[in-house]
Amino acid sequence: MSGLKPPITITIDTGTVEKSIDSHSNIADALFADAEEPAPTDPFGLSVSQLTVLQDHRNPYLLPVLGGIEGLEENLATDTTNGLSTSPAATPSLEERTAYYGTNKLPERKPKSFLQLLILALKDKVLIILSIVAIVSLAIGLYETFGQPTKYDEKGQAEPKVEWVEGVAIIVAVAIVSVVGAANDWQKERQFVKLNRKKEDHHVTVIRDGTKQNISVFDVMVGDLVSIEPGDILSADGVLVNGFGIQTDESALTGESHNVRKTTAAEVLSRIASDPAVSPTAKGLDAFMISGSKILEGTGSYIVTSVGSNSFHGKILLSLQTEAEETPLQEKLNDIAESIAKLGSLAALLMFIVLFIRFLAQLKGSPLSGADKGQEFLNIIITAIAIIVVAVPEGLPLAVTLALAFATTRMVKDNNLVRVLKACETMGGATAICSDKTGTLTQNKMSVVAGTTGMAQHFQIDPDATEDDDEEEVAESTSVEKMAPGIGAYRNSLSPAQTQLLLESVAINSSAFEDTHPDATDAFVGSKTETAMLNLARNYFGLQGLDDYRSSFNVVRVFPFDSAKKYMATLIELPDHRFRLLVKGSAELMVSMCSSVYDESVNAPQPLTSEKTEMYLERINMYASHSLRAIGLLYRDLDTIPADDSALFTNLTLLGVVGIMDPLRPGVRAAVLACQKAGVIVRMVTGDNVNTARAISLNCGILTPDSPYTVMEGPAFRKLTVEQLREAIPNLRVLGRSSPEDKRLLVKTLKEMGETVAVTGDGTNDAPALKLADVGFSMGIAGTEVAKEASDIIIMDDNFNSIVKAIVWGRTVNDAVKKFLQFQLTVNITAVILTFVSAVASSSNESVLTAVQLLWVNLIMDTFAALALATDPPSDSVLDRKPDNRSVSLITPTMWKIILGEALYQLIVSFILHFGGPRFFHPQTAEERQQIHALVFNTFVWMQYFKMFVSRRLDNKMNMFEGIWRNWYYIGVSGIILGAQVLIMFVGGAAFSVERQTGTQWAIAICCGFGSIPMGLLLRCIPDEWLIAIFPTRFYRFMGRTIESLKFWKKKEQAPEIRVDEETSVGAYKWPEPFEQVKDDLVLLKLRGGRWSQIKSKPRRIYQSIKASLTPSQTSIASPGTSSPVSGNNSTLIGTPEISTSGQRPPASPLMLSHADESGFLTVPGATASPTRPLGRSRGSSTSSRSNYSIEAITMVPTIVGGAIAGWGGQLESTGAASTNNNNSDNAPKRT
């Protein structure tokens, strides 16, 4: 292979070892055999194909074939210490590297073209039927126009031959509906492509020119030296060259659930050199970093070998690019639309039957020609289909799509990047927020303002001081500690040895690094706590050049910060070849880990007495009471490194404690108060000292001095029982010293209590809580990639105010959909009833609204109104109400009041004009009669137009024009509808079957249309309680059951499944109902002395069972969002404690004891028993709900018995023997 270093010599740090690696080396050579080699003129010694083989096979013997680490460095023109060179004179250049190996971007999923979306829109079943009918109508119309003699009106004038116009008009209307729908879908896809592009972009740390730099993940190149730490998600494939204790989670890529420990390439080569026969799959030989995997532990760096679509993760993503799934709101609206469409279809079918029967009755003796009769029959079909078109509310899914697209686009401007679409709407119903403190409620601009070291050294720094402020004393600058020594006086009191210890603790034991970019605003990049301490060292302790200072120390091992352990540590080798362990973490924990304290008077550790411990704890509490985060610094000198890590962290010496100030973000207090006003409870969950947490919560308004709410510590919180948790959480507002597991437990309990929970997190260990929450917010700045991946929304500025904006947008989305629902249901009810009644009442079988007119109304409903009402900008008034319960119906009583009241008004006006019009206008000619029909159409459209304004409010407030001037979409759409309707009435003519209106008719139409507004005001004056009192509940339930029954083809038989408990992931078999029936009957038969009369599945009830199974019962219908009556716990043993008169569970048989858990659940022998579950239903309900399964149950007895004997025979036999021995030992009587 050209360009590769010789594969025989393996160079490692300890020297050069020559080994003959025959078998494994031959296999490695064979793997490269089919790989394309680089051309002699190529700038690199390894081709894309060869690097792909390296990562796909991940065979450690491929490394020596490539020449080891040196070969990889040479062939990729990189360096394992300094990384890539960005110098313009570098050869090859970065541009050549990108051109040869590609960029770290995946080819974007090509969005559907407008033509493809148009074809998809035309595949709608209703539009297909309508198109077919339109073509037939056009054919008949053309025949009548060109194949039939001219007809004359009453005045003897020739009638215009426009029979073909209706067919053309329907085709044009179908085309308009399809084009507008496709245009909306096309715009939506473009918006979401932009959002996805922004969502996938994040920053990674690479080493270039010997310094660490933050760059976009899209700018990572092959040959880059990428720095990794816990919480990172690898953005490219590579080979590990430096690292300490690195473990990765590759489960999402390989399916392996266990953590994978990575070994540096040098260690792998050393192992192969020492043992040439070692298996490639042996432990300790994995130096390959897989893109998409998560770093769980350790720090280090690796050389990138594959990027973009050539990487392992990139290939998977390319094969998994799928369409976005529907959100819960979209699914709920689709169900509503489907139900409405079915009712409309029933109305259309009924009307068709009535008109068709009358059409057949009128055929005999009809003077019409064959073509006229065909046209009349076709008109009946067109009218019926038109009703279906109007009844099918395609605008509902369109409205939520537009609202979500509009909201998610605008939310980016409010620093909310929505990763999961349903999170946007879910936030509208959020009832609880569990927020971090640092960076979310506070500014995350930390600075050290106080400290205590040694036996009795204290200092305090003015937060506004500069590095030149060396005042001897800070008396009243802050309220942390009066008359405390200034930093200048404190620094002068330190010995060189103590100063050196402090510098090492701050500079070496840190994952932050210098930002050398010319445009850098901060000196250091990394955790704000660590950068604050580095700034202290730079400003007051003479730290110059962090990288140079670190390079003078040999770092043996790094223990990265773990939010569960609450500390990080670094082990270094001293010049005298001894070792020093540096530890930094939560101050209280640090004090508890110490056995000695540094004595500045002798520059040596002294035993940590109880008095000194008490002094330090008092200082920590004092810092906490002033909202300071206390960080402890420890160290330990060792002669040798113990083999056990636990032995390493003993006999530690306390160096000191510092207090770090993090001021509140501006506007946080107002945001918290806004949440409380909106009915959203804010809880602060932090790892800080409980006193610090209480002080911060008082400052931001979560707590007030006289509030009855409680503050708890994590250790006490996690010890509470389930019942105690449910009692404590409603009053809990602050959780201090908490772990990620505490946060997860809090979120889980809140959800079980029926809350809709939003939670913030930034660490890797926060991922379970973020996933468990209804909406997970990760921090865009401080958050790890694992946290971002687990979250639904990324807060790009880490600001609590952005969470409040997400609540506002969530409620705005839900309100937009409800507004459109309130508008459209009125139109659906009015149009369907008006068309049905007028067609049935007409002697000519014609509706007052023609098919083309109904299509125009449909176009208003489905597109223009959706666009207008779905784009209302958010208003602060949405925070003036409590959140909606997740189980509440989308249509509130107030909305029903407006829908039904406006529909009644519109029907009354339309019927008066249609049936009373001839009495008012006394038409004499066909043209004048057509004018009345046109008047009804014109009035109907204007009533919908003004109803659109009424629908802008969902409550009983009167100002329906609030904020209208902020929505230019609404104003523009209103103008388009107004202009189009006027144009139709003046030039629509034959296409819309309208005649020009007189001034009086125009006045009537507009006045009646405008009447929708005062009608809406009048309806809002009616108390909702009156409507609830007179609402026909039984009729509503009957209609609900009717609609549910229309979905009979969707019902599926419940198959056997494993029910997994969320907490413990322990499974228990959940049997189908017939199996459960037999199990319960057999157990009850045994418990009740073997009486056949006690069993339900007996022949006497088979007839009743058949009869019951053929009759739909009310208990078999479950309303959406509720569990089925037959769901819940699966054993009637849970519901039969009455069998024992003592109130205790009756004694179980040996079989039951062996194969049933504590709750009576049937379990598989050898499996872990499931935990006890709460009682799910009473005995009575259990019996009634299963009565329909009796016949199935009795027929399944042989199957269960046979399966039990065949599958569990061995274990049953051993269990039975053990049980027999137990019975014999207890002198239990035998049963026959």
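Helix α37 (residues 1012-1021) has as its buried residues Ser-1012, Ile-1013, Met-1015, Gly-1016, Leu-1019 and Arg-1020, where buried means under 20% relative accessible area, exposed over 50% and partly exposed in between (1.4 Å probe, protein chains only). The model is predicted: local features need pLDDT of at least 70, side-chain atom pairs count only at pLDDT 80 or more, and totals for chains, interfaces and linings use all residues. Residues are numbered from 1 along each chain as its sequence is written, and side-chain values use heavy atoms, with hydrogens and water left out.

**Helix α37**

- Helices (H or I, at least four residues) and strands (E, at least two) are DSSP runs, numbered from the N terminus.

**Helix α24**

- Buried residues in α24 (residues 690-700) are Val-690, Thr-692, Ala-693, Ala-695, Ile-696, Ser-697 and Cys-700.
- Among the elements covering them are α21 (610-625), β23 (628-638), α23 (668-677), β25 (681-685), β26 (710-713) and β27 (732-736).
- Gly-701 follows α24 and has a positive phi, near 95 degrees.

**Aromatic pairs**

- The whole structure holds 25 aromatic pairs; rings of Phe, Tyr and Trp (its six-membered ring) pair if their centres lie within 6.5 Å, and planes under 30 degrees apart count as stacked, over 60 as edge-to-face and the rest as tilted.
- Tyr-567 and Phe-649 make a tilted pair, because their planes stand at 50 degrees, with ring centres 5.3 Å apart.
- This pair links distant parts of the chain, 82 residues apart: Tyr-567 is in strand β19 (residues 567-573) and Phe-649 in the loop between α22 (645-648) and β24 (652-661).
- Tyr-567 is buried at 13% relative accessible area, and Phe-649 is buried at 14%.
- Trp-942 and Phe-946 are also a tilted pair, 6.3 Å centre to centre with 35 degrees between the planes.
- Both residues lie in helix α33 (residues 926-950), four residues apart, about one turn of the helix.
- Trp-942 is buried at 4% relative accessible area, and Phe-946 is buried at 13%.
- One aromatic cluster consists of Trp-942, Tyr-945, Phe-946, Phe-949, Phe-961, Tyr-970 and Phe-1010.

**Charges over rings**

- Arg-952 lies over the face of Tyr-970, 5.3 Å from the ring centre; the criterion is NZ of Lys or CZ of Arg within 6 Å of the ring centre and within 35 degrees of the ring normal.
- Arg-733 lies over the face of Tyr-709, at 3.8 Å from the ring centre.

Conventions. Contact = heavy atoms within 4.5 Å.
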